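Trainee: Could you walk me through reading this structure, one feature at a time?
Mentor: Gladly; have a look at it here, and then ask away.

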Amino acid sequence: MITEVVISILHRMYRTASIFLLCVLVLSMVASKYKSIQQGLNQLKDYHWSRVALYSVKDDLKQRHRSWAGSTQKPAASSILFEETFEGNDALAKVVSMHTSTDYGFRLVDKPVHRGRRAGRFELRDTDPMIHRGTRSELFVIDRITYKERWYSFAAFFPSEGYANDTSNELISQWHQSGSPPISLRISNDRFYLRVLHNSDESAWEKIDIAPVTKDVWHEFVFHIIHSEGKDALIEVWHNGRLQITYRGRNQIKGEKMPYWKVGIYKAKWNKSTTDTHIRICYIDDIKVGNENARFSDMTSSSQSSHNLVTGEGIKTDIKL
């Protein structure tokens, strides 16, 4: 009798232990499965946010967002923080992203070029879908700067066929914080001009003429900027080797983060309407960013033969927006 009781108790304990082990096994499998699912979700989340920082122009350009450390281009000088010449297999390796909504919005071309073998071709049409809340084809060159004194340079070419005169302005370079950029290089009526925050009138802009947009030649711009809302604020602009602008006055929106820099074409008027023209084509080459130790000689081209030597007088003008 005692033996039967013991056997019965042991049998129940065995069944209980089996059920317990089975439960542990099931829970372990569920936990493992949940971990795999969670890892998969995290991977999808990481992939999504990495894609936000990239652009979708052509398949062969989609995976070119890499760090400077991964680039095989010739290293920049110590005073140069960034350089994009569009050469080699690592063209566009260092820019943040490309903002265009079409496959023709940006291409690498072998002519015309400022230096080297390739340049970037930008095309914008008034029928293009908006991207990032605007009608644009722009390179997002560098993210928000970490020090207020910086140097910037690039060369631009405007073809006779593809860049007709327009009374409505577009910008080809902007330093953006929030809302309308506090500093921008613009074109209207075939004239380059700098638009910057007014020093005393919050509702107005300073518009400073630079030079004519002579077609079918390269224009090289160098900017030395101390980004500030205080008395130390400074903008110096060289066009084809000639100092055109020395502007001392606030150039930063108060209370906003430091700016980021873009080059290309952005035509705000085309967001909602049309203008005198329907297409804008330009070529850009030799983009550089220098730190506070850079000098004009670090930023400019070593070859002067490609320069357009027609320059303006650097006077203020009443260009209508």
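Trainee: Which strand gives the most to the lining of the largest cavity?
Mentor: A few notes on the source come before that. This is a predicted model, in which local features need pLDDT of at least 70 and side-chain atom pairs count only at pLDDT 80 or more, while totals for chains, interfaces and linings use all residues. Residues are numbered from 1 along each chain as its sequence is written, and side-chain values use heavy atoms, with hydrogens and water left out.
Mentor: Now the general idea: on a 1 Å grid over the protein atoms alone, a cavity is a set of points where a 1.4 Å probe fits but cannot get out, a pocket is an open set with protein on both sides within 12 Å along at least five of seven lines, and lining residues have an atom within 4 Å of a point. Grid points are joined across faces, edges and corners, and a volume is the space filled by probe spheres set on the points. Strands (E, at least two residues) and helices (H or I, at least four) are DSSP runs, numbered from the N terminus.
Mentor: In this structure, strand 6 gives the most to the lining of the largest cavity, with three residues. Strand 6 (149-157) and strand 15 each supply at least two.

Trainee: What is the volume of the largest cavity, and what classes of residue line it?
Mentor: The volume is about 30 Å³, and a search of the whole structure finds one cavity of 30 Å³ or more. For classes, Ala, Val, Leu, Ile, Met, Phe, Trp, Tyr, Cys and Pro count as nonpolar, Asp, Glu, Lys and Arg as charged, and the others, Gly among them, as polar. The lining of the largest cavity has three nonpolar, three polar and four charged residues; among them are Ala155, Asp286 and Lys288.

Trainee: How much space lies in the largest pocket?
Mentor: About 510 Å³. The largest pocket is lined by 24 residues, and Arg136, Gln174, His176, Gly179 and Tyr266 are the closest to its centre. Strand 5 (136-142), strand 7 (170-176) and strand 14 (260-266) are the elements that give two or more residues to this lining. Strand 7 gives the most, with four. By class, the pocket lining holds seven nonpolar, eight polar and nine charged residues.

Trainee: Which strands pair with strand 15?
Mentor: Two strands pair if DSSP finds at least two bridges between them. Strand 15 (residues 279-290) pairs with strand 4 in the antiparallel sense over six bridges. Within that pairing, Phe122 has Cys282 as its bridge partner, and Arg121 stands opposite Tyr283. Strand 6 also pairs with strand 15 in the antiparallel sense, over six bridges, with Ala155 partnered by Asp285. Strand 1 (residues 80-84) is another antiparallel partner of strand 15, over four bridges, and there Phe82 meets Val289.

Trainee: How many residues of strand 15 are buried?
Mentor: Buried means under 20% relative accessible area, exposed over 50%, and partly exposed in between (1.4 Å probe, protein chains only). Strand 15 is mostly covered, with eleven of its twelve residues buried. Strand 4 (residues 119-125) has six of its seven residues buried, so it is largely enclosed by the rest of the structure. Across the protein, 48% of the 321 residues are buried.

Trainee: What is the backbone like at Pro112 and Arg133?
Mentor: Most residues other than glycine have a negative phi, and most peptide bonds are trans. Here, the peptide bond from Lys111 to Pro112 is cis, with omega near -5 degrees, and Pro112 sits in the loop between strand 3 and strand 4. Arg133 has a positive phi, near 65 degrees; its place is the loop between strand 4 and strand 5. Arg133 counts as exposed because its relative accessibility is 73%.
Mentor: Asp190 also has a positive phi, near 55 degrees, and is found in the loop between strand 8 (183-188) and strand 9 (191-197). At 22% relative accessibility, Asp190 counts as partly exposed.
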